[in-house]
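Hi,

Here is the model I promised to pass on. Have a look at it first, and then read my notes below.

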Amino acid sequence: MSRSLLRTISIPIAAVVFGLVIGAILILTQNASPGTAYKALLVGGAGDSDAVLRTLQKATPLIFGGLAVAFAFKAGMFNIGGQGQLLVGAVFAAGVGFGIDGLPLVIHLPVALLAGGIAGAVWGGIAGTLKATTGAHEVIVTIMLNFVAGNLTDWLAANPWKDNSGSNIVARTPLVEDSAVIPTFGAVPVGFLLAVITAITCWMILERTTFGFEVKSVGNNRHAADYAGIRVGRIMALTMAVAGLLAGLGGAVESLGVDGRFEAGVNVGLGFEGITIALLARANPLGVVPAALLVGLMEAGAARMQFKAGVAPELIDVIQALILFFVAAPIILRWVLRMRHDASEQLQLGAGWGRS
Amino acid sequence: MSEILLGAHDVSKRFPGVLANNQVSLQLERGRILALLGENGAGKSTLVNILFGMYRPDEGHVIIKGERVDLRGPDDAISRGIGMVHQHFQLVPPMRVVENIVLGAEPVLRGLVDLGEARRRVIELSRRYGLEIDPDAVVEDLPVGMQQRVEILKALYRNADVLIMDEPTGVLTPQEADHLLGVLRELTQTGLGVVFITHKLREVLAVADDIVVLRNGEVVGQTTPGETSENGLAEMMVGRSVMLRVDKSVAEPGDVVLELEKLSVEDDRGQIALNEVSFEVREGEILGVAGVEGNGQRELVEAITGLRGLSSGLMKIGSDEFTSGSTRQIAEKGVAHIPEDREKHGLIGVYSLEENSVLNRYHRKPFSLRGFLRRDVIKRHAEGVVDEFDVRTPSTSVPASSLSGGNKQKLIVGREFSDDIDLLVAAQPTRGIDIGAIEFIHRRILDQRDKGTAVLLVSAELDEILGLSDRIAVLYDGELMDVLDAEDSNREKIGLLMAGITDSKSSA
């Protein structure tokens with residue numbers, strides 16, 4: 001059991017190590033010291049309680065975004081739409097957050113979170129339903145829906161839901177009511193706890209429920225799922241809705257826990273990082289948490305690294321890209337680490353005629 | 001002694017966990033047919049892939065025309081005169097015959113493909129070897145036997161003097177198969193050597209000059225048709241004496257369980273694949289469906305089990321009528337399905353044996369409760385199936401993909417038989433599995449019949465149909481040609497029906 005776990009996590013860990021090693025070489029080319037830079041990164045991301053809070057806050061939407069991609073992976077679908085689902089989740093959570101007052105926190109906050117989740121679920125569900133009914137590829141549809149969501153949320157923040165207080169000229173909503181703000185206990189934001197609980201719930205659903213069994217059956221062998229009496233299209237649509245719900249919750253937590261409102265342009269890119277997280281976690285919902293923490297820590301510490309070691313913060317993006325590259329191309333790592341391939345991989349050889 | 005065209009000398013090949021070939025040696029002489037016989041997993045494919053340059057041997061070497069060679073790839077083998085006809089044809093269906101034949105070795109004139117020259121050469125070639133074919137026909141319009149001829153011509157065009165034929169008769173009617181054997185015999189007259197891979201004993205005895213039998217990667221016997229018999233060969237293949245025929249009692253048919261009324265079904269491309277087919281299957285009988293593959297059998301099975309919609313007609317299972325039905329609705333009527341393609345439909349490779357043992361039952365009690373799977377109950381169920389159906393596995397938690405073909409099939413059969421069933425739809429239930437597992441599964445299917453289950457058996461193996469069925473239906477081009485009683489049918493009669501020839505047509 002532990003052996004197989006080791007095998008599973010060896011590739012992501014090796015990818016991180018390789019990414020950092022190549023990152024160190026790049027730091028050297030900038031005439032900086034990798035030791036100083038990485039130490040600053042670590043201190044900036046985990047050195048004191050403020051740093052930890054920053055890391056956890058950065059990691060929270062990444063967990064949701066990672067889960068949104070990982071869950072869809074389980075049904076064999078590639079959800080590129082985390083960005084759009086997160087945006088609609090963020091704007092509708094903010095809308096409910098500032099638009100209703102007079103509710104106690106125990107009601108207002110969950111309702112606002114749920115509004116974000118449902119908005120995301122609808123957004124993801126559109127792609128899933130189109131896939132199930134017309135065969136439209138979810139990658140194309142979710143990419144396009146990202147643009148739609150981006151413009152829709154910009155418009156909402158600039159027009160009907162705009163914050164008209166004082167001399168505001170920014171496209172943003174008013175601050176949400178206090179009763180819709182996610183509280184913080186010490187260094188641990190409640191949003192992060194919610195994210196971890198959500199990750200565990202996702203794992204439970206996938207491993208323990210009949211719905212999870214259906215999702216994984218569709219992902220692993222659609223024909224066998226069909227044979228088993230599973231309604232493949234329905235599962236695809238539902239899976240994308242769940243994925244959207246997860247991303248939408250991530251957006252809601254951003255609005256209600258970090259920014260206090262929705263502001264156009266603030267959350268850009270968060271949804272896409274979910275893809276990195278999901279790949280680094282090898283689509284395992286429990287693996288999403290450490291993967292998001294790692295990336296969150298790097299982002300939280302980047303400013304300090306720039307300040308202390310004079311390294312451009314973009315280096316963090318380069319290291320992330322390298323990690324993703326090594327995770328996605330494990331054959332390079334296997335070759336370096338002399339790891340054995342699975343027999344099935346070894347047997348794949350070209351066959352036949354016509355190449356003389 | 002005549003020239004050795006192709007040989008293997010003490011060839012060994014190891015894959016992770018298996019010794020696929022262990023010091024295998026064989027020799028093919030000019031003008032002879034060498035039959036390579038063995039069960040699935042005996043190492044035939046590995047050996048042939050080594051001879052054709054796709055794998056390199058770990059030990060030993062390949063000999064071509066007396067010369068020790070180190071093949072760098074299939075191209076190398078082809079340039080040395082080795083031609084191979086794969087079991088699954090490597091043709092470009094929308095292209096013409098001549099284009100397919102010259103593809104990759106086209107005659108060139110001023111930088112362009114010289115199709116006129118290509119056509120001339122193809123016609124010349126087909127005359128020389130007596131393999132008549134229309135060079136301008138589009139390959140996908142040709143019958144399977146003709147497509148195979150294109151493959152053979154492709155090899156001859158590349159000046160092959162050795163032809164490796166991998167399971168060439170699997171896709172043919174008995175008459176087409178006999179014709180192919182005749183063609184191969186004639187080709188050897190012109191000096192070719194043929195390596196003929198098969199698991200059909202009758203063909204080996206009919207056509208081979210030399211027979212090499214492989215078992216567990218080793219050569220276990222070399223013989224000639226004159227020195228052996230079907231039973232002798234089977235014993236060599238399996239390593240013990242086997243029953244080639246199953247004993248069965250007389251059927252006692254009861255009520256009608258499955259009734260089809262003018263059932264029409266379309267294939268994936270929207271063409272009619274099954275045209276107004278009507279028949280019935282009763283309790284306690286086995287209705288065999290014979291036919292060359294691709295004549296509507298797959299669509300028939302998929303329609304009955306709910307995987308494919310009906311375009312017209314009616315289906316009655318027990319007292320329930322269906323014009324459309326989901327897989328699950330039909331399964332709940334007591335219909336079990338052994339699917340034709342166990343990797344595609346029957347199993348999920350990454351799932352454990354436990355999960356696969358409830359693949360189409362996970363949602364029912366006792367395997368789940370209020371939406372949650374009951375892992376302990378599922379595990380006990382899987383252990384029961386593994387025990388009763390003799391699935392050889394180290395544990396029930398390993399992925400199904402780690403099992404051999406025969407054990408996968410036993411797992412599926414075990415799963416499908418673990419309920420009380422009224423109708424069993426068994427499609428190619430013993431395809432690609434070892435003789436021991438075949439015997440076992442045949443026995444279990446007969447037991448089901450004797451318990452009163454109605455059985456619809458679809459198989460491309462005529463021997464299987466003849467051995468198990470009580471009545472035999474023959475499909476040709478989506479039409480039901482006839483339904484015969486097993487007692488008045490024989491190989492020839494069914495073979496003619498499989499080719500679409502009825503008495504009325506032949507007398508006309």
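In helix α8 of chain A, the buried residues are A:T210, A:G212, A:F213, A:E214, A:V215, A:K216, A:S217 and A:V218; buried here means under 20% relative accessible area, exposed over 50% and partly exposed in between, with a 1.4 Å probe and protein chains only. That makes eight of eleven residues, so α8(A) is mostly covered. Helices (H or I, at least four residues) and strands (E, at least two) are DSSP runs, numbered from the N terminus.

Before you dig in: this is a predicted model, where local features need pLDDT of at least 70 and side-chain atom pairs count only at pLDDT 80 or more, while totals for chains, interfaces and linings use all residues. Residues are numbered from 1 along each chain as its sequence is written, chains are lettered from A and ligands numbered from 1 in the order in which they are written, and side-chain values use heavy atoms, with hydrogens and water left out.

Now the aromatics. A search of the whole structure turns up ten aromatic pairs over all chains; rings of Phe, Tyr and Trp (its six-membered ring) pair if their centres lie within 6.5 Å, with planes under 30 degrees apart counted as stacked, over 60 as edge-to-face and the rest as tilted. A:F213 and B:Y362 are one of them: the ring centres are 4.7 Å apart and the planes stand at 35 degrees, so this pair is tilted. The pair joins two chains, because A:F213 sits in α8 (residues 210-220) of chain A and B:Y362 in the loop between α12 (353-357) and β19 (368-369) of chain B. Both A:F213 and B:Y362 are buried.

B:F389 and B:F417 make an edge-to-face pair, at 6.2 Å centre to centre and 70 degrees between the planes. They are 28 residues apart and link distant parts of the chain, with B:F389 in the loop between α13 (375-388) and α14 (405-417) of chain B and B:F417 in helix α14 of chain B. B:F389 and B:F417 are buried too. There is also an aromatic cluster made of A:F18, A:F325 and A:F326.

Next, a helix pair in chain A. The axes of α2 (residues 34-46) and α3 (residues 49-74) come within 5 Å and cross at roughly 85 degrees; axes are lines fitted to C-alpha atoms, for helices over the stretch in contact, and angles run from 0 to 180 degrees between N-to-C directions. α2(A) and α3(A) therefore count as roughly perpendicular (65 to 115 degrees; under 35 is roughly parallel, over 145 roughly antiparallel and the rest oblique). A:V43, A:G44, A:G45 and A:A46 of α2(A) meet A:A51, A:V52, A:R54 and A:T55 of α3(A), contact being heavy atoms within 4.5 Å.

In chain B, four strands form an open antiparallel sheet in the order β2-β1-β4-β5; two strands pair if DSSP finds at least two bridges between them. β2 (18-29) and β5 (67-69) are at the edges with a single partner strand each, so one side of each has no neighbour in the sheet. Five bridges join β1 (residues 4-15) to β4 (residues 59-64) of chain B, and B:G7 stands opposite B:I63 in β4(B). Helix α1 (residues 44-51) of chain B packs on this sheet, touching β1, β2 and β4 of chain B.

Last one: β23 (residues 471-476) and β24 (residues 479-485) of chain B pair antiparallel over six bridges. They form a hairpin with two residues between them, and B:D477 in the turn has a positive phi of about 50 degrees.

Cheers
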